[in-house]
Amino acid sequence: MTSEQELHELVGFLGGGSSTQVRTQALDIVVGLTGTQDGIDTLMKVKDPLLKQLLALVGDETKLGEGATKALVNLLASAGIIDVLLSKGVVERCMSALDDSSCKYKGYCVMLLANATQTEEGVNKLLQHEKGSVSGLLLGKLVQFLDKPDEGKGSDASVSGISSDDSNDEFKHVATVLNNVSNFEQGRTLLTDKDGLAYALPALSYQIRTARHPERREGAISAFRNCCFDAEKWVDSVPEPGGLFEPLLLALSSPQAPSIEDAAKMPPTLAYALMATGRKREHDPAIRLAAAEALLLLVQTETGRKTLFDLQCSSILNGGYKEEEDEHIMNVIEQIHSAFF
């Protein structure tokens with residue numbers, strides 16, 4: 001199907017004037033075309049009416065909504081689509097669908113939101129700065145979605161490794177969205193606001209420590225690292241900063257248990273985690289690097305430096321440094337030690 005007239009007819013079949021069977025068949029064709037770049041290029045000939053029809057179906061309780069959302073996820077790989085979708089309210093549609101208990105394809109909605117917030121304009125749509133008193137409301141809801149079930153989540157991801165059985169985790173890309181948000185100063189301001197989303201940093205820290213899904217953990221630790229660029233603005237107002245920082249140290253620690261003497265100097269929660277039987281070294285270098293970069297930013301603040309000193313940061317990093325093979329990560333750890341002394 002290559003002629004523009006046929007494409008317009010295909011898009012027309014997606015509308016409410018067609019039977020469910022016809023709409024389903026037309027949508028199946030569209031989804032199939034979005035699976036290849038050639039197919040996407042073909043659909044771009046009818047970009048405006050197609051996006052309008054697909055976006056209208058996001059949130060629909062039937063399979064039509066799922067298919068349309070999946071098609072939009074694929075289409076966002078094409079240049080120029082993000083701006084069009086943002087102008088048509090894709091962020092608001094996604095958040096509305098996530099709030100709807102009857103929506104059965106929330107995983108696709110989160111993926112679409114992650115793609116739509118790759119630009120500053122997309123992030124601003126999520127932050128709603130132009131709405132004054134309700135600014136950050138959608139972001140607050142999104143942070144709460146971090147607590148949605150992560151199939152396979154355990155007491156501590158550093159103890160038994162990361163489960164590869166993550167097919168049921170619909171909300172794994174929420175952390176990716178928050179990472180996108182944290183790339184911009186206005187997003188970091190809301191995520192670290194002690195009078196607003198005071199639960200955002202603890203939520204990210206908890207995901208770093210407990211989430212099994214690598215995309216959850218990578219997104220969470222990257223967002224946390226980005227927030228540390230503004231650490232001097234928020235670290236003094238955190239009630240218990242040590243609890244926030246422990247997962248960063250665990251990500252860089254050696255699987256070898258600390259000495260009894262060193263463990264006795266640590267908070268019980270950290271000592272227990274480091275001495276847990278069967279604990280494994282963090283295998284993902286991207287997570288180890290983000291943890292090291294976050295610690296380097298934190299140690300440059302007075303409160304961060306004192307808190308990390310009390311957590312026996314140097315001792316823990318020494319153990320991890322001996323087993324580290326990534327020269328970039330080793331260099332960052334060396335800079336952390338230099339910042340202490």
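Which residues of α17 are buried? Hold that thought for a moment. A word on the model before the answer. What you see above is a predicted model.

Now the answer. The buried residues of α17 are P241, G242, L244, F245, E246, P247, L248, L249, L250, A251 and L252. That is 11 of the helix's 12 residues, so α17 is mostly covered, with buried meaning under 20% relative accessible area.

Let me step back to the whole chain. The protein chain has 23 helices and zero strands. Its C-alpha atoms fill a box of roughly 75 × 45 × 35 Å along the principal axes. There are 341 residues, and buried ones make up 53% of them. Next, contacts. Take those between residues at least 6 apart in sequence. Of these, 72% join residues at least 24 apart.

Back to α17, and to a partner. Helix α17 covers residues 241-252, and its axis comes within 9 Å of the axis of α14. The two axes cross at roughly 30°. Angles under 35 degrees count as roughly parallel, so α14 is roughly parallel to α17. The crossing of this pair is left-handed. Who touches whom? On the α14 side, the contact uses L201, P202, S205, I208 and R209. On the α17 side, G243, L244, E246, P247, L248 and L250 take part. By class, the contact of α14 with α17 splits into seven nonpolar, two polar and two charged residues.

Stay with α14, residues 200-210. Another helix to look at is α15, residues 214-227. How do the axes of α14 and α15 cross? They come within 8 Å, at roughly 135°. That angle makes α14 and α15 oblique to each other. Here too, α14 passes α15 in a left-handed crossing. From α14, the contact draws on L201, L204, S205, Q207 and I208. Facing them in α15 are R216, R217, A220, I221, A223, F224 and C227. This contact of α14 with α15 has eight nonpolar, two polar and two charged residues.

Next stop, helix α12, residues 174-182. Two residues here. Start with N180, which is found in this helix. Is N180 buried or exposed? Its relative accessibility is 11%, so N180 counts as buried. The N180 side chain makes a polar contact with the side chain of T117, at 3.0 Å. Beyond residues up to four places away in sequence, N180 touches A114, T117, Q118 and V123.

Now S182, also found in helix α12. S182 has 0% relative accessibility and therefore counts as buried. Leaving aside neighbours within four places in sequence, S182 is in contact with R188, L191, S222, A223 and N226. Notice A223: this α15 residue also belongs to the contact between α14 and α15. S182 and P239 are 57 residues apart in sequence. From C-alpha to C-alpha, S182 and P239 are 22 Å apart in space.

Where does Q312 lie? Look at the loop between α21, residues 302-310, and α22, residues 313-323. Q312 has a positive phi of about 60°, although it is not a glycine. At 18% relative accessibility, Q312 counts as buried, because the cut-off is under 20%.

α17 is mostly covered, and α17 runs roughly parallel to α14.

Conventions. Residues numbered from 1 in each chain as written. Predicted model: local features only at pLDDT ≥ 70, side-chain atom pairs only at ≥ 80, totals over all residues. Heavy atoms only, no water. Axes fitted to C-alpha atoms, helices over the stretch in contact; angles between N-to-C directions. Helix = DSSP H or I, 4+ residues; strand = E, 2+ residues; numbered from the N terminus. Parallel < 35°, antiparallel > 145°, perpendicular 65-115°, else oblique. Left-handed = near helix turned anticlockwise from the far one by under 90°. Contact = heavy atoms within 4.5 Å. Nonpolar A, V, L, I, M, F, W, Y, C, P; charged D, E, K, R; others polar. Buried < 20%, exposed > 50% of the residue type's maximum accessible area, 1.4 Å probe, protein only. Polar contact = N/O pair within 3.5 Å; in protein donor to acceptor, adjacent residues only side chain to side chain.
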